[in-house]
Amino acid sequence: MGSEPFRCTQPYTQLGTAKVTADLLDFRFYVHDVRLVTRDGREAPVTLTQDKKWQYENVALLDFEDKTGTCANGTVDTNTRVVGTVPPGDYTGLRFRLGVPFALNHGNAATAPSPLNLSGLFWIWNAGYKFLRVDARVQQRALLADAGDAGGDAGAPPVFPVHIGSTGCQGDAQDGGVTDCSRRNVADIELASFDVTKNKVVVDYAALVAGTELTAGGGMGCMSSPEDATCKEIFAHLGLDLASGKPAAGQAFFRAE
Amino acid sequence: MKRALPALPALATAFAASAVAWLGCGGSSSSPSDSKPKEYEWKLPQGFPVPKVPEDNPMSQDKVDLGRHLFYDTRLSGNGTYSCSSCHVQEKAFTDGRRRALGSTNETHPRGSMSLTNVAYATTLAWANDLLTSLEKQTMVPMFGETPVELGLAGQEAQMLERLRAEPYYPAAFARAFPGDPEPFTTQRVVQAISAFERTMISGQSPYDRFAFQGDKNAISESAKRGRDLFFSETLECFHCHGNFNFSDSISHSGSAFTETMFHNTGLYNIDGKGAFPPDNVGLMEISHKDSDMGRFKAPTLRNIAVTAPYMHDGSVSTLEEALDHYAAAGRTITTGPYAGNGSKSPLKSDLVVGFVITAEQKADVIHFLESLTDTEFLHDPRFSNPWTAGERP
């Protein structure tokens, strides 16, 4: 959250274009295809430890909410690490993809193994998962002060969900299985300078919503629709092209520290 | 999830499975084996095919009984106030009479609650989502969906299962419904049982059925008979989308070799002259993001249509008279407000919504025909009613 660590129990200020104060309701995302990159540019896939909880095949769930405070629908456990093995090497960079790989994204969520069976991350109407879920509720008090309206009733506090996942999916007419998605919305993340023994990856919500008006969207925030202007800056900060759903340069959500 | 079956064996497997389903579900006791679980008896109306049943969720009376209890159980909502039946009321053919549904947390849904009449035959569920191809998939939407919140169970599946486990009726009922499963208290089993119950909601005992399929030529009025002829005429064109025994064009059953899935723009809106619908209800385009899918919704069954007002996906048509006016005008014209526009001029409109001229008497005839599709027995059948007795939940 800018320079502050994330908690479910405190509001964050100066978010988005209107510099609003907001409480966060959820903060989770899937990554896959984690690779370390050698000095001479070769990739070494990280073989994830199969812990039957956070990691399955080549997918890991990172989970910063702990069900306290405003994160009512989350899980108590948190996970801030991806655990796995690589051969010894001179590694200077990190690459991974944000999301669930296509082959695992469209199965039966009710019977999928952990961490693909958390209903808070189901995205059934799009036949997949929310790759990234980070929901905020803008504080009414701050809004009213901005509007110079101390006494008026401005209705329920506006929620600004960010749900990133594959859209435009097509089902097989006979068995209903998803055959493709016109916009996979899987971001390719590269941290060119990353020392796995010293650095950590910082995931910054403030950077994600920089340039976005968090009181816009009518409570729908950004749901990955290419028609949704509210998604424009968010997709840019994820390193995704909103129109095509393909990776693009310029992500700002992740950085090495 | 990861299957890599070569094409030929996969085909052979599917073929064998459907053959078994056909024999088994027909109710004839042709099975040579005594050890097989008791077949589910469909008790289908005259002229109705056997529904298609997913291979991994075979029907049984015990599963249907369990599903019925779950369907009416408010433990299936996050705040304990709602069940499936809150939006799907039997007397209204499992709709709720609202223009747009209201979820357990008072959030208004963009669309109205759909009738569950003959839902076993639907090839896609919901108003416009070609990815929801089975009840098992669809059931998870009201349970876990958050935009909008319906039952409000997202992130609460463990608590829900704990609540169910604590109800004295359920342990034995889950065990009977899923014999051999050491841990049947799972989301998957809940979804399967509810889906099995919903598949039994078959309506085919209306006056029209007695007239058309059971040889009772006096079961419907002369006016309704004239209305029937108009309905099936090339003048009104109704039957193209609302044809066959279920009066819906997107159906399949155990004898279907193909799965038909259709969506239509009927010119209900044309906000920008290019066919735009209101932004919260763009139809199949919400799923596909294809411009050409703007305003395409599925043609729901017309069975019990007289008790499921208001009409259309957003409840914006109040009566059957109004619905007929819409089709007669080849699309609705809205003169004022943010959604003003001439639907009949929509470039995205279905070729079959061409308009027609009928007299007031003919209009009454068509409505009498539609009313003859009301199956009173279905609306009061104790098999579909709330099984929880007074004093129990809900």
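**The largest cavity and its surroundings**

Analyst: This is a predicted model. In the lining of the largest cavity, β9 (122–123) of chain A and α3 (135–144) of chain B each supply at least two residues.

User: Which residues line the largest cavity?

Analyst: From chain A, the lining takes A:Phe122, A:Trp123, A:Ile124, A:Trp125, A:Lys130 and A:His163. From chain B come B:Val141, B:Phe144, B:Gly145, B:Glu146 and B:Thr147.

User: How many of those are nonpolar, polar and charged?

Analyst: The lining of the largest cavity has six nonpolar, three polar and two charged residues.

User: How much space lies in the largest cavity, and how many cavities does a search of the whole structure find?

Analyst: The largest cavity holds about 80 Å³ of space. One cavity of 30 Å³ or more is found when the whole structure is searched.

User: Moving on to confidence: what ipTM and pTM does the predictor give the complex?

Analyst: The complex receives an ipTM of 0.84 and a pTM of 0.88 from the predictor.

User: And what is the mean pLDDT of chain B?

Analyst: For chain B the mean pLDDT is 90, with 90% of its residues reaching 70 or more. Residues 1–35 of chain B, however, have a pLDDT below 50, and this stretch has 14 contacts in the model beyond near neighbours in sequence. Where pLDDT is low, the predicted coordinates should not be read in detail.

User: What does chain A average?

Analyst: Chain A averages a pLDDT of 91, and 92% of the residues score at least 70. Over residues 147–154 of chain A the pLDDT is below 50, and beyond near neighbours in sequence that stretch has five contacts in the model.

User: Back to chain B. How many helices and strands does its secondary structure come to?

Analyst: Chain B has 13 helices and two strands. Of its 394 residues, 54% count as buried. Among contacts in chain B with a separation of 6 or more, 66% are between residues 24 or more positions apart. The accessible surface of chain B comes to about 17,300 Å², and carbon and sulfur atoms account for 56% of that area.

User: Let us look at one helix. Which residues of α8 in chain B are buried?

Analyst: Helix α8 (residues 222–231) of chain B has these buried residues: B:Ser223, B:Ala224, B:Lys225, B:Gly227, B:Leu230 and B:Phe231.

User: What covers the buried residues of α8(B)?

Analyst: The cover over the buried residues of α8(B) includes α7 (207–213), α9 (238–241) and α12 (360–371) of chain B.

Note on methods: Residues are numbered from 1 along each chain as its sequence is written. Chains are lettered from A and ligands numbered from 1 in the order in which they are written. This is a predicted model: local features need pLDDT of at least 70, side-chain atom pairs count only at pLDDT 80 or more; totals for chains, interfaces and linings use all residues. Side-chain values use heavy atoms; hydrogens and water are left out. On a 1 Å grid over the protein atoms alone, a cavity is a set of points where a 1.4 Å probe fits but cannot get out, and a pocket is an open set with protein on both sides within 12 Å along at least five of seven lines; lining residues have an atom within 4 Å of a point. Grid points are joined across faces, edges and corners, and a volume is the space filled by probe spheres set on the points. Helices (H or I, at least four residues) and strands (E, at least two) are DSSP runs, numbered from the N terminus. Ala, Val, Leu, Ile, Met, Phe, Trp, Tyr, Cys and Pro count as nonpolar, Asp, Glu, Lys and Arg as charged, and the others, Gly among them, as polar. Buried means under 20% relative accessible area, exposed over 50%, partly exposed in between (1.4 Å probe, protein chains only). Contact means heavy atoms within 4.5 Å. Accessible areas come from the Shrake-Rupley method with a 1.4 Å probe; for residues, only the protein chains shown count as cover. pLDDT is the predictor's confidence in each residue, from 0 to 100.
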